[in-house]
Amino acid sequence: MSALKAKIEDVFNEPGCDKNRGKDDKARKKGCSKPLTPGAAAGGCAFDGAKIVLQPVTDVAHLIHAPLACEGNSWDNRGAASSGSSLWRTSFTTDLTELDIVMGQGERKLFRAIREIAETFSPPAIFVYSTCVTALIGDDIETVCRRASEKFGLPVVPVNAPGFVGSKNLGNKLAGEALLDHVIGTEEPDDATEMDVNILGEFNLSGEFWMVKPLLERLGMRIRACIPGDARYHDIATAHRARATMMVCSTALINLARKMEERFGIPYFEGSFYGISDTSEALRQLASLLVRGGADPALAERTERLIAEEEAIAWARLEAFRPRLAGKRVLLNTGGVKSWSVVHALQEIGMEIVGTSVKKSTPEDKERIKQLLKEDNHAFESMAPRDLYTMLCDHKADIMLSGGRTQFIALKAKMPWLDINQERHHPYAGYDGMVELVHQIDVAIHNPVWETVREACPWDDDGNLVEAGDAAFVDAEAGPVAAPVHVFRKFASTTADEMGEC
């Protein structure tokens with residue numbers, strides 16, 4: 001545990017984080033993690049964060065050393081997609097029981113599980129995750145992994161991120177540390193070039209990185225390693241030979257980007273593939289770093305030509321949505337990079353942003369929001385569900401874009417909602433992804449279901465059916481509303497017995 005404590009203190013003292021640099025020495029060592037409430041899982045624990053970062057490594061066996069519930073609650077917690085192996089979707093756990101814990105059988109059971117996986121699946125590596133239970137009883141997973149690696153002849157990587165040590169974001173960083181300590185730099189590639197790049201923090205949600213990768217390939221860039229989206233173990237092991245690194249969207253893996261620059265001399269920048277202008281800027285930044293690292297100077301000119309071509313195509317496609325979406329009001333309740341990255345494109349087609357959450361946004365993100373939005377009160381740190389509901393009921397927004405946790409607020413208010421977080425089923429990255437996002441907004445707003453659910457109920461406050469001759473009846477929210485003719489016809493011909501059967 002002392003080694004884990006030292007690792008956590010090192011991760012908290014992160015000089016690459018702009019927010020951290022503004023703190024005094026005492027506050028910097030405390031980091032940004034808030035203490036977790038025992039029994040509360042909202043927001044995710046450190047184990048959950050580590051699993052999020054590493055599970056999309058597709059050809060690795062992910063073994064959870066814990067009781068069954070730890071794996072059951074965290075399995076497949078991101079909609080990452082794979083173009084190759086599906087081993088990562090096989091759930092492995094030691095399934096510790098009370099008897100195993102009392103009798104001290106945890107380490108032996110872990111070793112046997114590693115042997116079974118190695119013999120049955122022959123993966124290039126096995127990642128072993130500690131959890132609250134196994135960390136509290138003192139199981140030494142690092143020693144077990146080292147012995148198993150020697151015995152079975154394959155890398156067995158300990159991921160020491162038990163849930164009780166902190167938040168999901170801390171787990172993200174501890175997963176990055178595990179890659180630095182045990183994976184990156186352990187193999188040498190035989191095909192390294194001056195055009196190799198790393199992409200960090202890209203999860204390939206719904207396969208959206210596949211919409212960006214062809215752009216990089218058209219410029220002659222090669223993805224040495226995408227961590228973790230659609231990643232392979234051997235690609236990550238050789239990631240130290242890339243010439244430039246892009247850290248996508250958040251600062252979850254800022255420690256990994258900074259230490260790879262320190263150890264291997266790989267320059268990095270923070271960028272985003274959400275939104276047209278941000279995708280273009282990311283391509284420019286990658287080209288600039290590669291040229292400075294020795295790539296052909298003509299790369300910059302090729303990049304500008306590609307950007308001009310792709311932007312023209314994307315804006316032409318978005319123009320088709322302008323007549324249907326101009327003047328529509330959007331409420332963004334997401335935070336992070338998406339709090340501003342999609343704003344510009346939505347404004348360009350005539351939509352109005354009436355509010356955006358900045359809960360997970362960096363100071364730079366907030367500054368961009370101020371430049372994009374006319375009024376400062378359109379940016380909010382957090383908004384209570386009751387306030388979101390009131391805002392939607394008062395028709396101050398035509399659609400809400402958020403994660404799955406707040407979808408029921410919009411649905412209760414009978415207003416359109418679109419998922420733009422990790423549970424989504426549509427890719428929104430790159431130029432094509434931005435067009436897809438606008439298309440999904442158009443589909444959601446103009447879905448005929450909203451007219452149906454907003455129709456007044458065909459019964460009065462006492463539960464009696466409205467008679468066919470009545471011209472109108474009262475809706476609790478909308479007031480007097482004319483009853484649809486088809487409703488009268490349907491219920492006028494329905495007997496009490498038939499309704500009872502329903």
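Visitor: What counts as a helix here?
Guide: A helix is a DSSP run of H or I with at least four residues, and helices are numbered from the N terminus. Keep in mind that this is a predicted model.

Visitor: OK, take helix α13. Which of its residues are buried?
Guide: Helix α13 covers residues 254–264. Its buried residues are Ile254, Asn255, Leu256, Ala257, Arg258, Lys259 and Met260.

Visitor: What do those buried residues pack against?
Guide: They pack against two helices, α1 (2–12) and α10 (168–182). They also pack against the strands β5 (196–202), β6 (222–228), β7 (244–248) and β8 (268–271).

Visitor: What happens just after α13?
Guide: Gly265 comes there, with a positive phi of about 70°.

Visitor: What is Lys259 in contact with?
Guide: Leaving aside neighbours within four places in sequence, Lys259 is in contact with Asp10, Glu177 and Leu180.

Visitor: Which residue does Lys259 form a salt bridge with?
Guide: With Glu177. The closest N and O atoms of the pair are 2.9 Å apart. The two residues sit in distant parts of the chain: Lys259 is in helix α13 and Glu177 in helix α10, 82 residues apart.

Visitor: And Glu177, buried or exposed?
Guide: Glu177 counts as buried, at 2% relative accessibility. Lys259 is buried too, at 9%.

Visitor: Which side chain does Arg258 meet in a salt bridge?
Guide: The side chain of Glu262, with an N to O distance of 2.7 Å. Arg258 and Glu262 are four residues apart in helix α13, so about one helical turn separates them.

Visitor: Why does a spacing of four places matter in a helix?
Guide: An α-helix has 3.6 residues a turn, so residues three or four places apart point the same way.

Visitor: Are Arg258 and Glu262 buried or exposed?
Guide: One of each. Arg258 is buried, with a relative accessible area of 10%. Glu262 counts as exposed, because its relative accessibility is 55% and exposed means over 50%.

Visitor: How many salt bridges are there in the whole structure?
Guide: A search of the whole structure finds 20.

Visitor: Let's pick another one. Which residue does Asp191 pair with in a salt bridge?
Guide: Asp191 pairs with Arg222, and their closest N and O atoms are 3.3 Å apart. Asp191 lies in the loop between α10 and β5 and Arg222 lies in strand β6, so the pair ties together parts that are 31 residues apart in sequence.

Visitor: How accessible are Asp191 and Arg222?
Guide: Asp191 is partly exposed, with a relative accessible area of 35%. Arg222 is partly exposed as well, at 30%.

Visitor: Which residues are linked with them in a network of salt bridges?
Guide: Asp196 and Arg224 join Asp191 and Arg222 in that network.

Visitor: New topic: the backbone. Where is there a cis peptide bond?
Guide: Between Ile227 and Pro228, where omega is about 5°. Pro228 is in strand β6.

Visitor: What is the phi of Ser206?
Guide: Ser206 is not a glycine, yet its phi is positive, near 55°. Ser206 is in the loop between β5 and α11 (213–218). Its relative accessible area is 24%, which makes Ser206 partly exposed.

Visitor: And what about the phi of His395?
Guide: His395 has a positive phi of about 60°, and is not a glycine either. His395 is found in the loop between α20 (385–393) and β12 (399–402). At 46% relative accessibility, His395 counts as partly exposed.

Visitor: Last topic, the surface. Which residues form a positive patch?
Guide: Arg108, Arg112, Arg115 and Lys151 form a positive surface patch.

Visitor: Which helix gives the most to the positive patch?
Guide: Helix α7 (residues 106–121), with three residues. Arg115 lies in helix α7, and Arg115 is partly exposed, with a relative accessible area of 35%.

Note on methods:
Residues are numbered from 1 along each chain as its sequence is written. This is a predicted model: local features need pLDDT of at least 70, side-chain atom pairs count only at pLDDT 80 or more; totals for chains, interfaces and linings use all residues. Side-chain values use heavy atoms; hydrogens and water are left out. Buried means under 20% relative accessible area, exposed over 50%, partly exposed in between (1.4 Å probe, protein chains only). Contact means heavy atoms within 4.5 Å. Patches are made of residues with over 30% relative accessible area and no salt bridge: like charges are joined within 9 Å, nonpolar side chains (Val, Leu, Ile, Met, Phe, Trp, Tyr) within 5 Å. Accessible areas come from the Shrake-Rupley method with a 1.4 Å probe; for residues, only the protein chains shown count as cover. A salt bridge is a side-chain nitrogen of Lys or Arg within 4 Å of a carboxyl oxygen of Asp or Glu. Lys and Arg count as positive and Asp and Glu as negative; His and the chain ends are not counted. The place of a charge is taken as NZ of Lys, CZ of Arg, CG of Asp or CD of Glu.
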